[in-house]
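User: I am new to this structure and would like a close look at a single part of it. Please take one residue and describe its surroundings.

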Amino acid sequence: MIMAKAVSTLSYVFFLLFFFFAKIINGTESNEEVGVYELKRGDFSVKLTNYGATVISVILPDKNGKLDDVVLGYDSVKEYKNDTTHFGAIVGRVANRIGGAEFTLNGTKYKLVANDGNNTLHGGPKGFGDVIWTVKSYSKDSHITFTYDSFDGEEGFPGNVSVSATYMLIDANKLALKMEAKALNKATPVNLAQHTYWNLGGHTSGDILSHNLQLFGSHITPVNNQLIPTGEILSVKGTAYDFLEPRPIGSRFKELPNGYDINYVLDAASPFHLRKVAVVQESVSGRKLELWTSAPGVQFYTSNMLHDEKGKGGFIYKEYAGLCLETQGFPDSVNHPNFPSQIVNPGETYKHIMVYRFTAN
């Protein structure tokens, strides 16, 4: 695809994401039972469940037309209810970590439910990835919209929040996600993230250390030994975190204590354009994933804490079996005034867009 066509297509995607979603909800019944739903165009298939608004499979052809499922996951919804991996879920109300499981907002201290030592991770022990969402609208060949009403005090967070997530197929090879959250009666932090674990060789192909990655973030937010940001913003230049030029993910693993689990500050995009996040390519299959977002950061995670997890078809996922690119606001922003704010005031709407493009050659 020539560059002009790619830019034109992405501009069209951006337009659709802001104006199409309002039209697809009218007149559709909600469904609060837990189910599995497929979006499909040709050989491109995405399966989801309304438990956690979770992606449970993405099936793509390789360079020879062979189909594989390229995301880690489980065989049954029951297993998603019992997992600690957050496979494929939308996590929130605040994704990533909040140090000390507390923050102060407008003079009030809020104590959250800790679930990661003394800290809160991905919204607490029952965050958005562990609740049943309503299916608001669904069409197999185009989209699915999930909604969730988060109540005041849920996991310690203030205020009622109305949340929606729409997954949409665009053309033959793009998956878009638009997440929104409207604060109804109190100011509250909101930071939603999509937590799919990708392995472009196929979910049973082993580790992702040979995948080539280019990541368009010139800085990171370094963390302490509890993975809480220190508040600094440091350049990646010359370090093992530098993926500004493509290279194998595992090429500098020896310089790290235990793989990658860090927030990158994404480089700025042109006005009214999405930021390009990353390009990931796996050489054997030829599959390539490109990602764009409206968010300021991305958590790059190499499944360092995955240990002998029984997944689809009984396959055992080991350390480094998948990679996550979780676009997001910066972790622990509520406790770091120098980070971009995640506070949504009553009547305001948080918006977060992701666009994936898949090819193989």
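Analyst: The side chains of Gln194 and Tyr167 are joined by a polar contact of 3.2 Å; the model in which this is seen is a predicted one. The side chain of Gln194 also reaches a backbone atom, the oxygen of Gly88, at 2.7 Å.

Gln194 belongs to strand S15, which covers residues 193-194. Its relative accessibility is 2%, so Gln194 counts as buried, the cut-off for that being under 20%. Not counting residues up to four places away in sequence, Gln194 touches Gly88, Ala89 and Ile90, as well as Val55, Tyr167, Leu177, Leu325, Glu326, Met354 and Tyr356.

In soluble globular proteins, nonpolar side chains tend to be buried together.

For a contrasting residue, take Ile316, found in strand S25, residues 316-317. Ile316 has 35% relative accessibility and therefore counts as partly exposed, a class that lies between 20% and 50%. Leaving aside neighbours within four places in sequence, Ile316 is in contact with Asp308, Glu309 and Lys310.

Methods:
Residues numbered from 1 in each chain as written. Predicted model: local features only at pLDDT ≥ 70, side-chain atom pairs only at ≥ 80, totals over all residues. Heavy atoms only, no water. Helix = DSSP H or I, 4+ residues; strand = E, 2+ residues; numbered from the N terminus. Buried < 20%, exposed > 50% of the residue type's maximum accessible area, 1.4 Å probe, protein only. Polar contact = N/O pair within 3.5 Å; in protein donor to acceptor, adjacent residues only side chain to side chain. Contact = heavy atoms within 4.5 Å.
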